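Open the model in your viewer and keep the selection tool ready. We will go stop by stop.

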Amino acid sequence: MVCARVLQLLALACLGSALPARVDVPGKPENLSCEAVQQKQYISTTFSCEWQTVGSQTATVPTSYTLYTAVLPGSGQPYSVTTQKNRTQVKLGDTFPHYMTLEVWVEAHNKLGKIESEHLKEDSGWFVKTDPPSDVKVFSEKSFPTSLLINWTHLIPTIRLKLTYRIRYRQNGTQNWTPVPLGDTASDIKSFRLQDLQPYQVYEIQVSCKNAKEGHGYWSDWSTIVTKRTPEARPTSKPDLWRVIAEGDGKNERRVQFICKDPVLANGRIVSFDIKIQDPKDKVKNGSLEWKNIPRSSQGKITDLKQIDLADQKSVRVYINATNSVGKSDEASLFILAKARESELAPVEELKVFPHRGQLWLEWKPPNSTKLVSEYVVEWVGGAQIDWQKEKRNTTHTAIKGHLDKFVCYNVSVYPIYSGWIGKPARKEAYLEQGAPLEAPIVRLHKAGRNQATLNWTEISQGSRRGFITNYTIFYTSGTEVHNITVPANTASYTLTSLSGNTKYDTWVKASTIGGSKISFNHSFTTLRYAPGEMEFIVVGVSLGFLFIVVMTMLLCVYKKDVIKENFWPQIPDPGESTIGNWSPDYPLKADTPRENGLSGISVLDMDVCDGKCVFEEDKASLSLKKGKYLSEEHSSGIGGSSCMSSPRQSVSDSDEGGDMADTTASTVQYSSVVPAPPSGYKGQTPNSQPQQALFSRSESTQPLLDCEENPDVLQQEGSRQSQRSPPRPPRFTDGADPAGIAEQQELLEPLDFCPLGEDSEQATPVDGQAADWLPAAAPLSSYMPQLGGYRPQ
Amino acid sequence: MNGHVKSMNFQQFMEQATTLLSLLLVMAVDSTRAVAASRNQQCGNPLQQTLKLSRLIQKESVDLIKTYKASQGEMSDLFCKVSVNNIPDPNISGMEHSKRIVSIYTHLQDFLLHFNRVYDQQTDLQSSTSPLLTELEIVRARSIYLGELINSLYQSLFPNLPVLDPAGRPTTLPPPQNVFQQKVYGCVVLKTYKEFLLNVFQELRTLKKKKLCIRRI
């Protein structure tokens, strides 16, 4: 025995080693499943099975699978078919063996062996999968608006296979199916009534079936969807009544437009609304108020009912009901308070509106009021759209259920309703989604300066804003560096500073929301070269300066005309018109008080000499040059330019006031003087008690005395030279009014040759002011001796 | 002799007997229950299946006759009214249930022979796609299944009785017939078979109502 066993093992080992590696006996097929499908009104005799193979096929040792199906009880051979796949079909005779038992198994075999799967032994009906019910029909009945009757047929007669059914349905447009409980769909039925449906709603229905025997058969596929609308019924909820209030045409008046939506449970097509508007103070007419019928709007879901003009101090009550083909709904009501009393009905508190997950959400706190809120109305207005929804009294947060557009600003309001009375609203603006503005602000230069410029920009229109403007950013550049300034959203202008003058700038403005921004077009401007007013200041300054100069010059001319005249137009007495006057060498000159007769003034013309020492001290004591005016009736000619004196003239030497005579005469040379007439004819002359000395006749020339004349002894020798060198000159001044005086002057005038440089300097026309500027030049010693110490009467 | 000893022996005997009887009783009850359970399971299912199948075949035989008449042309309604000899009796004979089941089985075998004859004849008379042929095949196949079920039912109801012979008894088939005769013959056979199947159904229903399987306990 032991030896035999050992030999068997050795033989198996040799056999195993001889075969290729990784080849085993076939694996036992698992999970065998079979089905027989429907074929017209029979069950097909084609029996399909599949199973799971264990191990893999190999080319060298392929595994075959044979499906066996035996009909029991029966003495015949089982039906079989062989395959190398994991599924096959076998034909079960001429007809499906209803009410017989089928035993099914799979045998896997290869060269090394074979193995059978688990035998599947069940009633033949266990394997049947029928087609879905055919010809499914759904009926509605007017008398049953909440019910639908379903009818169907099945090709397989009940005698052959008793079936059970399942039904599912849903409202058109919804996703979830509602199954009918299996217990309600008893076996072998061909109709079923759906109940508790919504009136006037479209429903989709499907039916499926299988072998009625518990646990037997497979469910068929669902039948094709059949749709049917339930009949209409009377509306079972109230219409949704609301109002829109605007300013009325008249003062203290509101325009109220009543609007409404269909009842939620309209149960049919709403045909019209009946509305009744009641003034609480009005008496009832004939015991009942009049109802007005208004057809439902054919477009949209909101119907405009009626518009009234309501005085601010009045309140109103409105009642409506909705009508369909079956009947009327219950009444809905809305009450509007007088405007002054609206504040009695407090609004909600802390209203917040914000977008969240594609919806606009609202949160609020109940009103702080003793009155009880019955419900809330959430209203949203955006563009031309207005809509509302009602919320229960205990709601504190909700989402807007209607359709909202992106980038549209909605004015969201929450109204508390106090038993029909509309309370005061709380409002907020909100966007479902914000984006970049469609338009950019238009920037313009308002005012430009040298170092600054003020820019204005227009506000973006509401329709193009697409969001709340968070800020504006102003960009400007002169071509090198771009600067930017961010300003709050509530500004519409800004002044740029620290700009360069006379420079072209490009500027643009960016308007930003949280969804994006929009940049305006470039606007160029150039700053001013000069600051405003600067040019005017310059011009005015220059003009004023010029004017000042002119005025000063004129004044100078006016007040110093004598000096100017003396310098530019020195009076040269005409010797031809000089006259002989009495002259006394020691005659002190006295300042005569001016007469009151308005006599023509006679002044002493002081002539500057070049020599700074032209004033001799001995002459100082003798001479006293009186300042002031000398008024004399007699015309004195030749004295200090008297030949040209047609008008009173003042003494030029104002600077010598109170000064030393020597100083006075240092710059002037008196070359003539006026001999006062007898006291009766002069005014202002102090009568001299001293006896008059000898008078000398002398020509009243304005010419300074020559040395020879002054000092005939000393200068006699030089006199001849002077006379040779200085020819007598013609008088400069001529006075046609008094030719005699002129003649006298001419006689007295000596050639003005006090300047050793010659006549050129004397004869040159002095310009204004030069007279005062003349300095006595160093005069050579000549016979010409300037008169010092004043005028010496001859 | 001591009397006490004698009484002790008797008591011991009585105790042993009592114990033995109790054991036998328990075994008898258990076996009865097992038998009853097995009888119910074996009897109920075959009977139910046989009943349903007979009902099905009977229903299909009604449709078969309609199809047959529709495919025989004119005057087909008259064919079934003609009397034909050597057609199996549709009635079930026997007094006991076992005899009646045997009668069902044997008649069924007889009818299958005639059925085959009709099928062969109609195969020549009808086109290959004729629905009559399909229905004849179906009814014939079901009838064979019915025979298997009847046999199984008989064996489950009467396991001690001899098994039914599938060959049945010899049956006399009619001689070769002309077309008219074949048509008449076929109609008469199908009509008689329909009646037979109705009798079978009723018999089986009677068996089911009597709860034969349970009463045999």
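## Stop 1: where the chains meet

This is a predicted model. Select chain A and chain B together. Across their interface, 5 residue pairs are in polar contact, with both residues at pLDDT 80 or more. Now look at which parts of chain B take part. Helices α1 (3-70) and α4 (131-157) of chain B each supply at least two residues of the side that touches chain A. Which helix gives the most to that side? Select α4(B): this helix gives the most, with 10 residues. Colour the touching side of chain B by residue type.

Next, show both sides of the interface. On chain B, 17 residues are in contact with 18 residues of chain A. The area buried between the two chains is about 1,500 Å². Carbon and sulfur atoms give 62% of that area.

## Stop 2: a salt bridge

How many salt bridges are counted between chain B and chain A? The count is 2. To see a salt bridge, select B:Glu60 and A:Arg160. The closest N and O atoms of this pair are 3.0 Å apart.

## Stop 3: chain B and its helix α4

Chain B has 6 helices and 0 strands. From the N terminus on, its elements run α-α-α-α-α-α. Of its 217 residues, 42% are buried. Consider contacts in chain B between residues at least 6 apart in sequence: 83% of them join residues at least 24 apart.

Now select α4(B) again. This helix has 27 residues. From its first C-alpha to its last it reaches 38 Å, close to the 39 Å expected at 1.5 Å a residue. Why is α4(B) described as largely enclosed by the rest of the structure? The reason is that 20 of its 27 residues are buried.

## Stop 4: A:Gln206

Bring chain A back and select A:Gln206. This residue lies in strand β16 (residues 202-211) of chain A. Is A:Gln206 buried or exposed? Its relative accessibility is 8%, so A:Gln206 counts as buried; the cut-off for buried is under 20%.

Show the side chains around A:Gln206. The side chain of A:Gln206 makes a polar contact with the side chain of A:Arg168, at 2.6 Å. Then find A:Ser223. Its backbone oxygen lies 3.0 Å from a polar atom of the A:Gln206 side chain. Leaving out residues up to four places away in sequence, A:Gln206 also touches other residues, among them A:Trp177, A:Trp222 and A:Ile225.

Methods
Residues numbered from 1 in each chain as written. Chains lettered and ligands numbered in written order. Predicted model: local features only at pLDDT ≥ 70, side-chain atom pairs only at ≥ 80, totals over all residues. Heavy atoms only, no water. Contact = heavy atoms within 4.5 Å. Buried area = accessible area lost by both parts, 1.4 Å probe. Salt bridge = Lys/Arg side-chain N within 4 Å of Asp/Glu carboxyl O. Polar contact = N/O pair within 3.5 Å; in protein donor to acceptor, adjacent residues only side chain to side chain. Helix = DSSP H or I, 4+ residues; strand = E, 2+ residues; numbered from the N terminus. Expected span 1.5 Å × (residues − 1). Buried < 20%, exposed > 50% of the residue type's maximum accessible area, 1.4 Å probe, protein only.
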